[in-house]
Amino acid sequence: MQDLSAAKAALAAQRIETPSWAYGNSGTRFKVFAQPGVPRDPWEKLRDAAKVHEFTGVAPTVALHIPWDKVDDYGKLAAFAQELGVSLGAINSNTFQDDDYKLGSVCHPDAAVRRKALDHLLECVGIMDATGSRDLKLWFADGTNYPGQDDIRARQDRLASALSVVYDRLGEGQRMLLEYKFFEPAFYATDVPDWGTAYAHCLKLGDKAQVVVDTGHHAPGTNIEFIVATLLREGKLGGFDFNSRFYADDDLMVGAADPFQLFRIMYEVIRGGGYTDDVAFMLDQCHNIEAKIPAIIRSVMNVQEATAKALLVDREALAAAQREGDVLEANAVLMDAYNTDVRPLLAEVRQDLGLDPDPIAAYRRSGWQQQIATERVGGTQAGWGA
């Protein structure tokens, strides 16, 4: 096993970003489900995010989604976050919830629609300037449903052109994180369907362009840790969107579908030198039927547990078994770490940080859920529509 004191120090320093939209209402394609106490604006979302950080100690930043989190004064919003003990993180663009984007956004065949989408992306960089955010996260729903619907190569040219303009607008210390998804909502050809396509665009753009790996955006059986290892080797892994999927869609709680996969991913992150501030660890989830704040706390804890197990892998023993070609022993070394109950270790980490060892129990005792259910009556709850 690795040194426990080193593992505890690494866990205490871990940072996991929570998404503003996870605090709002969400649902299926057929219905969005409301819950008592859901925030009505970005300010209330930040108050809930601050509670997650208060009880976990490792969630100090909150990602924004534009226009879902649009406000008149982003500097004021950033200052409010600081007052709450958190800060604003990645800025996420939205080029998929407008009638003009039916046939795509930056890949659309109509130049006017492409210009509209590009202007939005540039607006998001301006918001980064105001909030002090480092990362612009881009996910495009662009694609086609039928063969012949549009020119596949031309769409890649349009995408490259738009990304180049946005890249040139980035300021000092700012980055572009390009996300991929193998399908949905486009069913024939998605314009950024895999890590290779995202990597190719980022490689051409330069050092400020990095790939973000959404753990739910892969076909069944995909070896995500191989993708992570490769991107780290190439210096192009910018971050994660952590969530889970079972069949086709994603955004379930991270670690819910395959906690062993999450462990394997985190081991490759640690093995490949990705456990640094250069790789952003972000949640990207929607909590449709479960209580939102406890679900986000649980998600943070799931990432912590997978990380703790990965930190406990005896890397010297593993390397020795690999050198000797001892297949069973090498696998056993990994399994020993994965099967370790790390909850007592994480309880110690939290106590050392002055926190309750059980964040979920502490949240329930706090009365926050009852308070917001009473206070947040009237107005329009935040959510993504449908």
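This is a predicted model: local features need pLDDT of at least 70, side-chain atom pairs count only at pLDDT 80 or more; totals for chains, interfaces and linings use all residues.
Good morning. I begin with helix packing. Two packed helices are described by the angle between their axes and the distance between the axes. Our opening pair is helix H5, residues 152–169, and helix H6, residues 195–205; their axes come within 10 Å and cross at roughly 45°. That angle makes H5 oblique to H6. The crossing of these two helices is right-handed.

Which residues of H5 and H6 meet? On the H5 side they are Gln156, Leu159, Ala160, Leu163, Ser164 and Tyr167, and on the H6 side Thr197, His201 and Leu205. By class, this contact between H5 and H6 has 5 nonpolar, 4 polar and no charged residues.

Let me stay with H6 for a moment. Its buried residues are Thr197, Ala198, Tyr199, His201, Cys202 and Leu205. These buried residues pack against H5, and also against strand E8 (175–179), strand E10 (209–214) and helix H7 (224–233). Just after H6 comes Gly206, with a positive phi of about 135°.

I turn now to the cysteines. A disulfide is a covalent bond between the sulfur atoms of two cysteines. How many disulfides does a search of the whole structure find? The search returns 0. Cys202 counts as buried because its relative accessibility is 0%. For Cys286, the closest cysteine sulfur is in Cys124, at 18 Å, and is therefore too far for a bond. Cys286 is also buried, with a relative accessible area of 13%.

Next, a residue in a strand. Thr144 lies in strand E7, residues 143–144, and at 4% relative accessibility Thr144 counts as buried. Leaving aside neighbours within four places in sequence, Thr144 is in contact with Gln149, Asp150, Arg155, Ala186, Phe187, Tyr188 and Ala189. Ile152 is found in helix H5. Is Ile152 buried or partly exposed? Ile152 is partly exposed, with a relative accessible area of 48%.

Finally, the backbone. Most residues other than glycine have a negative phi, and most peptide bonds are trans. A cis peptide bond joins Ile66 and Pro67, with omega about 20°, and Pro67 sits in the loop between strand E4 (61–65) and helix H3 (74–84). Another cis peptide bond joins Glu184 and Pro185, with omega about 10°. Glu184 also has a positive phi, about 85°, although it is not a glycine. Glu184 lies in the loop between E8 and E9 and is buried, at 16% relative accessible area. Asp251 likewise has a positive phi, near 80°. Its place is in the loop between strand E11 (237–242) and helix H8 (259–271), and Asp251 is buried, with a relative accessible area of 19%.

Thank you for your attention.

Key: Residues are numbered from 1 along each chain as its sequence is written. Side-chain values use heavy atoms; hydrogens and water are left out. Axes are lines fitted to C-alpha atoms, for helices over the stretch in contact, and angles run from 0 to 180 degrees between N-to-C directions. Helices (H or I, at least four residues) and strands (E, at least two) are DSSP runs, numbered from the N terminus. Angles under 35 degrees count as roughly parallel, over 145 as roughly antiparallel, 65 to 115 as roughly perpendicular and the rest as oblique. A crossing is left-handed if the near helix is turned anticlockwise from the far one by less than a right angle, and right-handed if clockwise. Contact means heavy atoms within 4.5 Å. Ala, Val, Leu, Ile, Met, Phe, Trp, Tyr, Cys and Pro count as nonpolar, Asp, Glu, Lys and Arg as charged, and the others, Gly among them, as polar. A disulfide is a pair of cysteine sulfur atoms within 2.5 Å. Buried means under 20% relative accessible area, exposed over 50%, partly exposed in between (1.4 Å probe, protein chains only).
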